[in-house]
Amino acid sequence: LFNVFGAVLFFLFIRVVPVVSFFETMFPGNPMQQIALMHTLFNVLAAAVFLPLTKILVKAATLLVPGTDPEEEPMRTAFIDKRFLSTPHVALVQTIKEIDRMGKLALENIKDAFDAFINRDDTRTESINSKEKVINYLEHEITDYLVHINQLDFPEHDAVLMGNFFHVVNDLERIGDHAINIVEYVEVLNENKIGFSESSIVEIKSLFDKVVVLLDTALRALRTQDINLLKNIYPMEQEIDDLEKKLRERHIDRLTNNICNVRAGMIFTDIASNLERVADHATNIAYSVA
């Protein structure tokens with residue numbers, strides 16, 4: 001797009017401004033020098049014109065070639081290595097980093113799955129499943145690494161923390177499973193043309209937002225080992241539990257009043273239940289720090 005539009009504008013430019021004759025006068029009998037300077041002038045002028053219009057070019061390119069290229073996570077560990085086992089403290093720090101990476105993938109998958117659910121976007125299923133495979137792989141690799149680490153000599157606090165990490169990676173793997181549960185409903189909704197009332201969408205989004213905040217806080221507590229973050233965990237979990245119960249009650253009312261059909265009600269309550277369980281796992285992760 002840059003070259004095409006630039007060539008058109010430059011062609012119009014040299015029709016109005018006597019650039020060609022100017023270069024011929026400056027470098028008579030030297031066509032190579034004339035072409036080189038003309039090429040330089042073209043690039044400079046085109047860049048000057050289109051630099052402020054970069055966003056427009058991006059939008060045009062996106063319209064011509066729609067879609068997104070998925071960023072695939074490599075099926076390998078990024079931080080843990082058997083060589084670190086000779087230095088227990090380093091092994092501990094690297095393990096926390098690898099678990100944090102696993103946690104970020106789980107958080108991304110929950111966000112992507114819920115977004116796919118809200119927008120009925122079944123094109124996201126493949127990328128979510130691909131990321132879930134990496135999460136499962138990391139659970140296996142980190143667990144195996146923890147088995148080796150537990151054979152090392154650690155202070156009591158660190159030894160307890162390493163023991164808790166077995167549960168953390170399991171909780172993260174379960175969060176990944178809940179993301180798969182959510183995204184699997186997208187195909188069901190599209191095939192059966194099932195819709196939700198506007199009020200139910202607003203309610204489920206509210207629950208999702210609170211779950212994401214709780215999970216993000218739990219992962220920050222794990223990453224930083226900051227026990228001060230734990231004071232917010234229990235109130236957030238209680239708020240999510242209460243909201244999930246209210247959503248069930250309100251949806252029963254909608255079913256009773258024929259605002260939603262039975263199939264939609266089952267899916268709605270199941271999505272809410274999956275989100276509430278994600279909150280439970282996030283709470284477990286946070287309290288592992290203590």
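User: What makes leucine 275 count as in contact with other residues?

Analyst: Contact means heavy atoms within 4.5 Å. Leaving aside neighbours within four places in sequence, leucine 275 is in contact with Phe114, Ile182, Ile204, Leu207, Phe208 and Val211. This is a predicted model, in which local features need pLDDT of at least 70 and side-chain atom pairs count only at pLDDT 80 or more, while totals for chains, interfaces and linings use all residues. Residues are numbered from 1 along each chain as its sequence is written, and side-chain values use heavy atoms, without hydrogens and water.

User: Why is valine 8 called partly exposed?

Analyst: Buried means under 20% relative accessible area, exposed over 50%, and partly exposed in between (1.4 Å probe, protein chains only). Valine 8 has a relative accessible area of 47%, so the residue is partly exposed. Valine 8 lies in helix α1; helices are DSSP runs (H or I, at least four residues), numbered from the N terminus.

User: What is the largest nonpolar core, and which residues touch the most other members?

Analyst: A nonpolar core is a set of buried Ala, Val, Leu, Ile, Met, Phe, Trp, Tyr and Cys residues joined through side-chain atoms within 4.5 Å. The largest has 69 residues, of which Phe117, Phe165, Leu172, Ile204, Leu207 and Leu275 touch the most other members. Helices α5, α6, α7, α8, α9 and α10 each supply at least two residues of this core.
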